[in-house]
Amino acid sequence: MGLSDNLKGVILAVASSAFIGSSFILKKKGLKRGGASGIRAGVGGYTYLLEPLWWAGMITMIMGEIANFVAYIYAPAVLVTPLGALSIIVSACLAHFLLNERIQKMGIVGCVSCIVGSVVIVIHAPQEHTPSSVQDIWTLATQPAFLVYVVATLSAVLALVFHFEPHYGQTNILVYLGICSLMGSLTVVSIKAIGIAIKLTLDGMSQIAYPQTWFFLTVAVICVITQLIYLNKALDTFNATLVSPVYYVMFTTFTIIASVIMFKDWSGQNAGSIASEICGLITVLSGTIILHVTREQEPPPPPVGTVTWFINGDSLKSPEEEHLITHHRLDEYYEP
């Protein structure tokens, strides 16, 4: 008996989380080794490009993103998107053992919450209904309910870009992340449409000639570029430990709303299953926030001009952290 589409999606989403969570650790190890032998990336250095570990992390991340892309073809976004929280658990656990970034007791509670919420979502997730052509996807995308969502989303993005960003962009994290999350929801539904078109084409029903396929591809490219621009602005302006959980919560919420409206993920489900999925989602989001809030803060980089050195390529030390012997000249204490 073959695997169901939902199970294929779950396996791919979990594999994606494992790859992406591992990639963060590999790239960080590579960045640290590169910083030990040259100029740190944070101050404009590129020596990390010579580190095999950094490239291993990049390859692992690409593999994870490909697995995540294919997962959206087989399973609904309401199932795949929340499972992305598992990458945070993988990253936190590997950091605990490989980078000495200790997980606090409440962090363990956050990990357990993410796992429990993910299991609840998997158990109650709706079955995927794959459209038979890209024209069917276009019909879903042009239904009144989704068009209202698209208009509301684009209106909110324009308001955030032209009104709120100039006044509040540097002080309110919701401005940049609101733009990223809203555009991200359109990215996911567009990528899902492209994935389904690719799947149908590989099955012998070519979708390349349809203009709708290229429209979805264009929308996905524009949305991804916009996301990257404003996510970089958010990371450059605010603390990464604050950006990560807030962005994950907002992105997941808007993505599920968009997918439920366009692909009707919850149609045919009873109220109990829908309520269980919502509770599972809230549990995952809560666990993600707890895990991020309780993680140890990475020490800030030393100011220029201080004496620092690396121990085993990982541990950064400074004179203030060690008991050092200070040598003075005799004539400093000699009085004639």
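Reader: Of the contacts with a separation of 6 or more, what percentage joins residues 24 or more positions apart?

Author: The model is predicted. In it, residues 24 or more positions apart account for 79% of those contacts.

Reader: How much of the protein counts as buried?

Author: Of its 336 residues, 42% count as buried. The accessible surface comes to about 18,300 Å². Carbon and sulfur atoms hold 69% of that surface.

Reader: What makes the Lys233 and Glu165 pair a salt bridge?

Author: The cut-off is a side-chain nitrogen of Lys or Arg within 4 Å of a carboxyl oxygen of Asp or Glu. The closest N and O atoms of Lys233 and Glu165 are 2.9 Å apart, so the pair qualifies. The structure holds 1 salt bridge.

Reader: Which parts does that pair tie together?

Author: Lys233 lies in helix α9, and Glu165 in helix α7, residues 144-168. The pair therefore ties together parts that are 68 residues apart in sequence.

Reader: Why is Glu165 called buried?

Author: Buried means under 20% relative accessible area. Glu165 has 14%, so Glu165 is buried.

Reader: And why is Lys233 called partly exposed?

Author: Partly exposed lies between the buried limit of 20% and the exposed limit of 50%. Lys233 has 31%, so Lys233 falls in between.

Reader: Where is the nonpolar surface patch, and which residues make it?

Author: Ile208, Trp214, Leu217, Val221, Ile225 and Ile229 make a patch of about 550 Å². Leu217 lies in helix α9, residues 211-237.

Reader: Which residues touch the most other members of the largest nonpolar core?

Author: The core has 63 residues, and Leu79, Ile137, Phe146, Leu177, Ile179, Phe216 and Met262 touch the most other members. Helix α8, residues 173-202, gives the largest share, 14 residues. Domain 1 (1-101) and domain 2 (128-267) each supply at least three residues. In soluble globular proteins, nonpolar side chains tend to be buried together.

Reader: What does Phe216 touch, leaving out residues up to four places away in sequence?

Author: Phe216 touches Val134, Ile137, Trp138, Ala141, Ser190, Ala193 and Ile194.

Reader: How far apart are Leu147 and Ile261 in sequence and in space?

Author: They are 114 residues apart in sequence and 9.6 Å apart in space, C-alpha to C-alpha. Leu147 lies in helix α7.

Conventions:
Residues are numbered from 1 along each chain as its sequence is written. This is a predicted model: local features need pLDDT of at least 70, side-chain atom pairs count only at pLDDT 80 or more; totals for chains, interfaces and linings use all residues. Side-chain values use heavy atoms; hydrogens and water are left out. Patches are made of residues with over 30% relative accessible area and no salt bridge: like charges are joined within 9 Å, nonpolar side chains (Val, Leu, Ile, Met, Phe, Trp, Tyr) within 5 Å. Accessible areas come from the Shrake-Rupley method with a 1.4 Å probe; for residues, only the protein chains shown count as cover. Helices (H or I, at least four residues) and strands (E, at least two) are DSSP runs, numbered from the N terminus. Buried means under 20% relative accessible area, exposed over 50%, partly exposed in between (1.4 Å probe, protein chains only). A nonpolar core is a set of buried Ala, Val, Leu, Ile, Met, Phe, Trp, Tyr and Cys residues joined through side-chain atoms within 4.5 Å. Domain bounds come from an automatic or database domain assignment. Contact means heavy atoms within 4.5 Å.
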